Amino acid sequence: VILAVAFLIGFYLLATKKQLVPIAPQERVWAVDVVPASYADVQPELTLYGQIAASRSSELRAQVAGRIIDVSQNFRDGGIVEKGDLLVSVDPFDYETALAEQRSILKEAEIAVRQSRRKYDRAVELHAENNVSDEFLDDAELNLRQQEARLEQQQIAVKRAERDMRETLVLAPFSGVVSNLEVELGQQISGSDRLADLIDLSRLEVQFSLSNAQFGRLLNPAEGLEGRPLKVSWQVGNDSLEFGGRVSRAGAEITSSMGGVMVYAGIDNTDRFTQIRPGALVSVTLADKLYRDVLRVPSSALYSDNTVYIVRDNRLQREPVEVVGFAGGDAFLQPAEPGAIANGELIVTTQLREAGIGARAEVR
């Protein structure tokens with residue numbers, strides 16, 4: 001009876017036990033961001049920083065010594081002067097008297113030459129008539145040549161005195177703005193004292209540095225660096241002044257402190273009334289290398305630096321690519337196999353750690 005009861009209980013338990021039905025695993029769907037593939041020619045812009053400098057400036061120095069008796073009203077720091085304007089006058093008294101003295105000596109030398117020439121001409125006539133010796137004729141010629149040499153020396157002395165007289169007046173060599181003024185009315189100066197600096201604001205240029213990589217990209221023969229247009233922006237308070245320009249030249253050597261090359265660009269449409277001044281710190285916008293027929297995608301689309309994922313029929317497909325350049329947060333790509341990525345195909349820009357080829361994707 002006990003065995004029968006145990007058998008019945010066991011049979012009942014087997015008959016009433018729950019059956020486990022296997023459940024098929026649900027496929028995971030990855031939500032991704034995408035950008036449509038679009039081939040185009042792309043030329044990004046480089047944003048650099050530089051400083052304004054004057055490509056032409058002059059250090060004005062006194063050429064003669066004396067007391068300053070007159071100073072131009074515009075000969076002051078920040079003063080704007082025109083080419084040929086009188087800036088400083090030095091007392092000309094000593095130079096006027098020196099010039100008059102040299103001119104007087106010149107007249108005496110001219111008279112001496114005329115007298116010597118007459119004596120020489122007379123000696124030639126007498127020698128032709130055999131009335132004087134060869135030695136007498138030679139002495140007359142020697143005396144004439146000596147007087148002519150003294151005349152030439154005196155003419156040079158007069159020119160030097162005239163130059164000294166002219167240089168008592170300091171004139172502006174070109175139109176510009178005065179800076180670093182160091183003299184004033186009544187001051188006694190020597191012949192080499194520095195008076196001020198004159199800056200030509202119509203010839204301003206911007207100096208900025210390119211890294212080795214940037215410099216190398218811009219040296220391609222098709223476009224070149226020299227003559228490349230750029231834009232200069234000077235932030236003044238809440239305002240920004242914009243200037244155009246073109247690259248004029250590159251530095252002769254690598255700047256070790258910056259690890260790049262110093263580049264110089266002339267600024268367009270500036271004159272002596274231009275507001276920007278040398279020393280201003282500016283930003284420079286310069287066109288980078290032109291990339292032809294490339295895909296521009298966010299850098300986050302890259303896997304292992306040479307792979308992207310494409311969404312095809314709601315599944316991920318891997319495509320190898322060649323990275324030809326970067327700009328900001330974007331990368332410029334070309335498929336490793338021409339035509340492997342068609343225009344309009346969806347390139348994944350979301351970084352997925354576990355998804356792989358064939359994974360199901362949903363475009364957000």
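The legends below describe several close-up views of a predicted model. Local features are given where pLDDT is at least 70, side-chain atom pairs count only at pLDDT 80 or more, and totals for chains, interfaces and linings use all residues. Residues are numbered from 1 along each chain as its sequence is written, and side-chain values use heavy atoms, with hydrogens and water left out.

**View 1. Gln-154 is a buried residue of helix H3.**
Helix H3 covers residues 134-166 and contains Gln-154, where helices (H or I, at least four residues) and strands (E, at least two) are DSSP runs numbered from the N terminus. The relative accessible area of Gln-154 is 10%, and it therefore counts as buried, the classes being buried under 20%, exposed over 50% and partly exposed in between (1.4 Å probe, protein chains only). When residues up to four places away in sequence are not counted, Gln-154 touches Gln-102, Ile-105, Leu-106 and Ala-109, a contact being heavy atoms within 4.5 Å.

**View 2. Four acidic residues gather in a surface patch of negative charge.**
The members of this patch are Asp-134, Glu-135, Asp-138 and Asp-139. Patches are made of residues with over 30% relative accessible area and no salt bridge, like charges being joined within 9 Å and nonpolar side chains (Val, Leu, Ile, Met, Phe, Trp, Tyr) within 5 Å. Lys and Arg count as positive and Asp and Glu as negative, while His and the chain ends are not counted; the place of a charge is taken as NZ of Lys, CZ of Arg, CG of Asp or CD of Glu. Asp-139 lies in helix H3 and is partly exposed, with a relative accessible area of 45%.

**View 3. Val-1, Val-5, Ile-9, Tyr-12 and Leu-13 form a nonpolar patch on the surface.**
Leu-13 belongs to helix H1, which comprises residues 2-16, and is exposed at a relative accessible area of 52%.

**View 4. Asn-130 and Arg-163 are separated by 49 Å, C-alpha to C-alpha.**
In sequence, Asn-130 and Arg-163 are 33 residues apart. Asn-130 is found in the loop between helix H2 (93-128) and helix H3, and counts as exposed at 70% relative accessibility. Arg-163 is partly exposed, with a relative accessible area of 40%, and forms a salt bridge with Asp-164 in which the closest N and O atoms are 3.7 Å apart; a salt bridge is a side-chain nitrogen of Lys or Arg within 4 Å of a carboxyl oxygen of Asp or Glu.

**View 5. Glu-59 and Arg-61 form a salt bridge and take part in a network.**
The closest N and O atoms of Glu-59 and Arg-61 are 2.8 Å apart. Glu-59 is partly exposed at a relative accessible area of 42%, and Arg-61 is likewise partly exposed, at 36%. The network of salt bridges links Glu-59, Arg-61, Glu-182, Arg-194 and Asp-197, and a search of the whole structure finds 20 salt bridges. Side chains of opposite charge can pair when their charged atoms come close.

**View 6. A salt bridge joins Asp-330 to Arg-296.**
In this pair the closest N and O atoms are 3.0 Å apart. The pair links distant parts of the chain, with Asp-330 in strand S21 (residues 330-335) and Arg-296 in strand S18, 34 residues apart. Asp-330 is partly exposed, with a relative accessible area of 22%, and Arg-296 is also partly exposed, with a value of 42%.

**View 7. Asp-293 has a positive phi.**
The phi of Asp-293 is near 55°, a positive value in a residue other than glycine. Asp-293 is placed in strand S18, residues 291-298, and is partly exposed, with a relative accessible area of 46%.

**View 8. Asp-313 has a positive phi in a loop.**
The phi of Asp-313 is near 55°, and Asp-313 is a residue other than glycine. The loop lies between strand S19 (307-312) and strand S20 (315-327), and Asp-313 is exposed there, with a relative accessible area of 73%.

**View 9. Thr-349 is buried although it is found in a loop.**
Strand S22 (346-348) and strand S23 (360-363) are the elements on either side of this loop. Thr-349 has a relative accessible area of 13% and, not counting residues up to four places away in sequence, touches Asp-33, Val-34, Val-35, Pro-298, Ser-300 and Ala-301.

Methods: Accessible areas come from the Shrake-Rupley method with a 1.4 Å probe; for residues, only the protein chains shown count as cover.
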